[in-house]
Amino acid sequence: MRHPSRATRGSILAVAIVVAASCGGGGGSPAGPSGGGGSGAPSTPTNIRINSQRILFTSNEISLAWDGNASSYRLSAGTAPGGSESLSLEVTGNSYNWTAPRTEAVYFFRVQAIANGQTSNPSVELPIYTADMRNIIDAIFFRSGPMSVDQLSPASNPTAYVWPDGTRLRVVVSNEAGESTRANAQRFVDDYASVVGGAITATTELTAETFRDINSFDQIPSLTIYARVLNPFCGAGAIACAFYGPPPNGPNKSIVTLAAANNGPVATEHEMGHTYGMGHVRSTAALRPDINFMMNPSYQVQHLSEPEKTAIATARAAGIGPGWRRNQAVSAGLVLENPTALIPAYGGLSLTSGPFAPTICRVRHDDRLR
């Protein structure tokens, strides 16, 4: 049977995850000897690291730290190894909070110790990836831009999938899918509701119904999301899939299908993200949770991440709503009119699996529920 509107199903393939190094190493020149830059010079700082990173709409806030016992330190960063055009200053203490640019780039950060008028050799350089929130918004709402797995063309002016304010959804989970699936779905809907100030909410419940015989969206009530176990509905090797739900392009309802019961929060919450209209966001960097995404199809973050929450809140503050086209988001400054390709991988920075992660997730456009 055919449903009344075109739906999109995102299938998640179970694959091995190769985790790149996240900090404390990377490219650049090796550090000098422990004695520093000359006789009596302080020791070269070690263990250069990122303690945390926040991707904001206008900047990246990065908390940096290192080990050493000097009286002060010279910090440098540039967009090429050895560069210092992006950051060059002297600080006291063994940490620094850098407000880095909003644009997507890799900066090469290094530290030198200063004591008794002498300066150590520079530390090993730490590659720092900065993400552009506009590209994250583009991926989540328009399935477009350099951080989108789906890679819809900006020229096609795609439509955002967004539930209208005031939406109250009912999530019905089969007993076969398990209580943990219901609890994980509840975690997602609660997290989302908190981001949008309660404008979009949902309840979750268990049922004895298996939903295995659902083969048309006509069998699902409006504003309802079913969750079931049905293998191999999502395709060979897939562990879960879902349809985008929000109108006008979605069917105003959705269904989450798991290949096996109790698949854990990663699969359930990711698929709930699709039912709420969220597109895939590929990881571009070192896979730290603070710069990774629940909607990354390689399943590395269990819950809605801080960057995703920021993207949702920022887009809502700019007025995004059902039926918005990408050109409206360009006019509102939410996305880039002509986004450039991602910066190349370097050192500890890595794409998840190739430029478009083709072996991790596929998105199919068809006119059938099954």
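User: Hi! Which residue with a positive phi follows α3?
Analyst: Hello! That is Gly 277, which comes after α3 and has a positive phi, near 95°. Keep in mind that this is a predicted model.

User: Thanks. Is α3 itself mostly covered or mostly open?
Analyst: Mostly covered: eleven of its eleven residues are buried. Among them are Val 266, His 270 and Glu 271.

User: Which helix does α3 pack with, and at what angle?
Analyst: Helix α2, residues 179-195, packs with helix α3, residues 265-275, at an angle of about 50°. Their axes are 9 Å apart.

User: What do you call an arrangement like that?
Analyst: Oblique. Angles under 35 degrees would count as roughly parallel and 65 to 115 as roughly perpendicular, and the α2 and α3 pair is therefore oblique. The crossing of α2 past α3 is right-handed.

User: Which residues make that contact?
Analyst: From α2 you have Thr 181, Asn 184, Ala 185, Arg 187, Phe 188 and Val 189. From α3 come Pro 265, Thr 268, Glu 269, Met 272 and Gly 273.

User: How do they divide into nonpolar, polar and charged?
Analyst: The α2 and α3 contact has five nonpolar, four polar and two charged residues.

User: Why do residues three or four places apart in a helix point the same way?
Analyst: An α-helix has 3.6 residues a turn, so residues with that spacing point the same way.

User: New topic! At what angle do α1 and α4 cross?
Analyst: Helix α1, residues 133-142, and helix α4, residues 306-317, cross at roughly 80°. Their axes come within 9 Å. That angle falls in the range 65 to 115, so α1 and α4 are roughly perpendicular to each other.

User: And which residues are in that contact?
Analyst: On the α1 side, they are Met 133, Ile 136, Ile 137, Ile 140 and Phe 141. On the α4 side, look for Pro 307, Glu 308, Thr 310, Ala 311, Ile 312, Thr 314 and Ala 315. By class, the α1 and α4 contact has nine nonpolar residues, two polar and one charged.

User: Zooming out, how many helices and strands does the chain have?
Analyst: There are five helices and 15 strands.

User: What share of the residues is buried?
Analyst: Of the 370 residues in the chain, 54% are buried. The chain exposes about 14,200 Å², and carbon and sulfur atoms supply 50% of that area.

User: Last one: what share of the contacts joins residues at least 24 apart?
Analyst: It is 71%, counted among contacts between residues at least 6 apart in sequence.

Definitions and conventions
Residues are numbered from 1 along each chain as its sequence is written. This is a predicted model: local features need pLDDT of at least 70, side-chain atom pairs count only at pLDDT 80 or more; totals for chains, interfaces and linings use all residues. Side-chain values use heavy atoms; hydrogens and water are left out. Helices (H or I, at least four residues) and strands (E, at least two) are DSSP runs, numbered from the N terminus. Buried means under 20% relative accessible area, exposed over 50%, partly exposed in between (1.4 Å probe, protein chains only). Contact means heavy atoms within 4.5 Å. Accessible areas come from the Shrake-Rupley method with a 1.4 Å probe; for residues, only the protein chains shown count as cover. Axes are lines fitted to C-alpha atoms, for helices over the stretch in contact, and angles run from 0 to 180 degrees between N-to-C directions. Angles under 35 degrees count as roughly parallel, over 145 as roughly antiparallel, 65 to 115 as roughly perpendicular and the rest as oblique. A crossing is left-handed if the near helix is turned anticlockwise from the far one by less than a right angle, and right-handed if clockwise. Ala, Val, Leu, Ile, Met, Phe, Trp, Tyr, Cys and Pro count as nonpolar, Asp, Glu, Lys and Arg as charged, and the others, Gly among them, as polar.
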